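Work through the exercises below with the sequence and the structure open beside you, and try each task before you read its solution.

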Amino acid sequence: MDFFSSQAESLSALFAPRSIAVVGASSSPQKIGGIPVDYQRRFGFDGALYPVNPKADRIQDLQAWPTLSAIGRPVDLAILAVPAALVDGALDDAIAAKVKGVVLFSSGFAETGADGMAAQARLGDKARAAGVRLVGPNCLGFMNIARNVYATFSPAPGVGRVSAGRIGLVSQSGAFGAYAYSMARARGVGLSLWATTGNEADVQFADCLAWLAQDPATDVIMGYMEGCRDGPRLRAALALAQANGKPVVMVKVGSTALGAQAAASHTAALAGDDAVYDAVFRQYGVLRARNLTEFFDLAHSAAVAGRPRDRSIGLFTLSGGVGALMADEASAQGLDVQPLSDAAQDTLRSWVPFAAPRNPVDITGQVTNDMSLLERSARVMLDDRGFASWMGFLAAAGASDAFWPVLRELVGSLRAAYPDTLLAISTLLAPERRAELEAMRCLVFADPSDGIRTIAALAGAPPSAVPALASNPLQLSPGTMSEPDALALLAEAGVPVVEHRVVRSADEAAAAAEAIGDAVVVKIVSADIPHKSDVGGVALGLRGAAQAKAAFERTRDRALTARPDARLDGALVARMLAGGVECIAGVHRDPVFGPVLMFGLGGIHVETLRDVSLRALPITRDDALAMVRELRAFAILDGARGRAPVDLDSIADALCALAGFALRAGDSLDSAEINPLIARPRADGGCVAVDALVVGRAA
């Protein structure tokens, strides 16, 4: 966050300039170099405007200048609309003129290949060395709607302008950004800042997001991402938005292999693993939209009503059938539809004996005879349970002119009495009446199911506490460790590991089996053979010294036959655990976000169903518990079909220990995996790591 605070001033000079120069300015308002000149003049930019073109004395009725340096006055923003071959010289001129920010429309850089990438890197380095903020290249620029700054050549504003509002929109794609601008105009969504980042030679998507998180004119942030090269920077920006209470609504493409390939070729950005992006978004409360309709619905709803403080909701209805529909949808979305107290239910029945007063509260059509039942019932609900959200289905009553004053009074009264409650109404309203209720921070939906889904999305997950970073750095050697070494490292980090002995001979194996007692497992020890069962190097269910002794020799011989080049360092004799649920836990290094923790059920669940949860490190213990609970197959851990539930706390502790180990190892760790991690009830000792694989990262 300190990094972004230090950038705020430089980005403010860029996004809120008092003077603008257009290099490559054209007399034609239809050309790339002429559009931004036309827009500033036509749309009321009140600062200084300088067209720059050495071939003209006047451009669009303004004095033209041969170079930026020739202007001789302060220039906050220079818009470069010149061919790629002239960009270097134009940037040098901007630096010499002490320009604070540059928007570079020109294409022909990283998106064209290695040479273009190298040229783009030089531009970024040059701008940063001079303290000049650079947006682009290969971008559509930006618009600060409130300040009438139109540093873009997009035709969208020329068709019709978006009104000023409190939603900021940043897009890595210019085409998507222009379309989203047009959608905002069509839907009446007001914007504060609209920005496209293109190839991101200097200013990144995360920088724009962080600036909006600190912008007093912005309440909600909309973002379109295709990829990210600096994961920590993005996480810091999302954390800043979360800390400042500004909802972020995100469209992230590249969720499939084909989509990721298309995104990379379009913006020369790393698409990364979409599941990791999804996990990062979840960690920072980002509202991920899957389509453009949801993108604008969520952003508009967040701007109107904000985000509820938790997932509790009170449901009110005039129709029992719709009440059941809303309850089903709320349950499916994981909202907390807790019943009213007996006292509250008795109060409602005293008013309407045939009411259904639990939650949803169905007051029936009796409201036609007594309109006061609407507000009285809502107040009973909110006073009784203090729901974070309240939604009322009023059927088609909203279309009635006679009912409108009652509805307006209901919303106004509830808003005044419960200022921190998210209010929503489902009914049919004319646009102007809908706008009036929204001005009172009440959401309006024609479809009650849409309302429930929107509220659930806005509720999201509760913000995590700031996790502590690991201390006592650990340096791992490159390459794959032997299993005993891996188990020892994890045990030292706090992961519970199975009782085991490392043996060097058949006689030692027999003695170890007798010492452990009960059934044991014998596994070869070799850093050269990470998957021991593939070469016959594992023997299960052994009882007594004789079986362990024979298994030592048998597994050694099979491994040497399959891998004569491998070095064998004896065997591991471990207690064989009965029962429990096989799980898998691991850390891998994501190219964008660094170490990422994974947890899931083992066997078919991870291999076939891919039922896993992810978190970018560091994490808190609450994060670890949330990872366990969000598995689709969580019921298996929670005691399905009469089985005793496993010890969830021990799993969370093991995940935190594994995460701490990964953070201590830092860049020296490539991956670590516990497979299986046996989850057991607390009475049986909780979870235990049975097998481990740790790979050090090559320098």
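Predicted model: local features only at pLDDT ≥ 70, side-chain atom pairs only at ≥ 80, totals over all residues.

**Exercise 1. Determine how the span of α6 compares with the expected one, and what follows the helix.**

Solution. First, take the limits of the helix, which are residues 174-187, giving 14 residues. Then go from the first C-alpha to the last, a reach of 20 Å, which is close to the 20 Å expected at 1.5 Å a residue. Lastly, step past the end of α6 to Gly188, where phi is positive and near 70°.

**Exercise 2. List the buried residues of α6, and then state what percentage of the protein chain is buried.**

Solution. Apply the cut-off first: a residue is buried when its relative accessible area is under 20%. In α6 this gives Gly174, Phe176, Gly177, Ala178, Ala180, Tyr181, Met183 and Ala184. For the protein chain, which has 699 residues, 54% count as buried.

**Exercise 3. Describe the setting of the helix by giving the numbers of helices and strands in the protein chain and the spans of its C-alpha trace.**

Solution. Count the elements first: the protein chain has 24 helices and 30 strands. Then consider the C-alpha trace, which spans about 100 × 80 × 40 Å along its principal axes.

Technical notes. Residues numbered from 1 in each chain as written. Heavy atoms only, no water. Helix = DSSP H or I, 4+ residues; strand = E, 2+ residues; numbered from the N terminus. Expected span 1.5 Å × (residues − 1). Buried < 20%, exposed > 50% of the residue type's maximum accessible area, 1.4 Å probe, protein only.
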